[in-house]
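Work through the exercises below with the sequence and the structure open. Each task is followed by a solution in steps.

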Amino acid sequence: MSKTITTGWIRDKINGITVSRIACSSKNYAPCSSRTVSFLAVHYTGNAKDTATGNGNYFKNNSAGASAHLFVDDSHIVQSVRLKDRAWHVGANSYKHKTCRNTNSIGIEMCTSGGYKVSAKTKQNAAQLCAYLCRMLGISANQVDTYVLRHWDVTGKNCPAQMAGKENTEWAAFKAEVKSILNGKPNASTGAPVSAASFKVQVSISNLNIRKGPGTNYARTGKKTGKGVFTITQTKSGTGSKAGWGKLKSGEGWISLDYAKRI
């Protein structure tokens, strides 16, 4: 799967957000007349707290020897490098991935809202951006696992830190949201996208609360999971859980995936 990109700047709104343009310094990327793109590479900025606009301005005004095409935060999307140009975001001396490189990928940086963490809202905006770019490249929902990658998948770098490593449930939830957006399957009550794919998780604590909705702002059902293996049928970002929330197949409610390991 690949597509030749000749376009520069995104002009559409994504998740209701107008994409701002803050052009990167020419010292931080390689200009191209066109390039063939297959992959999306998702990063986090690695700062304690920052914004899309702040990052855009930094790479505009400094010679960093690195770049990304897009920066995302809770309420903004900033494009720094044109899509047809080669950003320097997954360069390395050695690679885990056989084929994903700067030349054939688009780099997306998620900003941090505090404590070096990416917020649920930023992840939602990033998932919408990924889905938009997937449609542009012709990546279907069933191809997301192959072509939407983390920096960790490409080079082994611990990035995005909270979503790195094998069987990371937060990364699984993020990809599930991208797939659900591509499948056009909204949550019936909120209109927000949820995952269409089910998977099993191992819960190792006995007192994990079940809630009526995906977030600590929803009431507890009064039940707890206990230890064991459970099937998750939907995932969604929400308050109080870094890894997101999973809906139990039993229909009893939602659990925080912070305490569940995908198996």
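**Exercise 1. Which residues does Cys 159 touch, not counting residues up to four places away in sequence?**

Solution. Cys 159 touches Val 42, His 43, Tyr 44, Arg 150, His 151, Trp 152 and Ala 164, when residues up to four places away in sequence are not counted; contact means heavy atoms within 4.5 Å. The model is predicted, so local features need pLDDT of at least 70 and side-chain atom pairs count only at pLDDT 80 or more, while totals for chains, interfaces and linings use all residues. Residues are numbered from 1 along each chain as its sequence is written, and side-chain values use heavy atoms, with hydrogens and water left out.

**Exercise 2. Find the phi values of Tyr 116 and Glu 167, and state how accessible Tyr 116 and Glu 167 are.**

Solution. Tyr 116, in the loop between E10 and H2, has phi near 65 degrees, a positive value in a residue other than glycine. Its relative accessibility is 47%, so Tyr 116 counts as partly exposed. Glu 167 belongs to the loop between H4 and H5; phi there is near 55 degrees, again positive in a residue other than glycine. With a relative accessible area of 49%, Glu 167 is partly exposed.

**Exercise 3. How do the axes of H2 and H5 cross?**

Solution. First, the axes of helix H2 (residues 120-137) and helix H5 (residues 169-183) come within 9 Å and cross at roughly 50 degrees. Axes are lines fitted to C-alpha atoms, for helices over the stretch in contact, and angles run from 0 to 180 degrees between N-to-C directions. Second, H2 and H5 are therefore oblique to each other: angles under 35 degrees count as roughly parallel, over 145 as roughly antiparallel, 65 to 115 as roughly perpendicular and the rest as oblique. Third, the contact includes Ala 127, Cys 130 and Ala 131 of H2 and Phe 174, Val 178 and Ile 181 of H5.

**Exercise 4. Describe the largest nonpolar core.**

Solution. The largest nonpolar core has 45 residues, and Ile 10, Leu 70, Leu 129, Leu 133, Phe 174 and Val 178 have the most contacts inside it. A nonpolar core is a set of buried Ala, Val, Leu, Ile, Met, Phe, Trp, Tyr and Cys residues joined through side-chain atoms within 4.5 Å. H2 gives the most to this core, with ten residues. Leu 70 touches, among others, Ile 10, Val 19, Ile 106, Leu 129 and Leu 133.

Methods: Helices (H or I, at least four residues) and strands (E, at least two) are DSSP runs, numbered from the N terminus. Buried means under 20% relative accessible area, exposed over 50%, partly exposed in between (1.4 Å probe, protein chains only).
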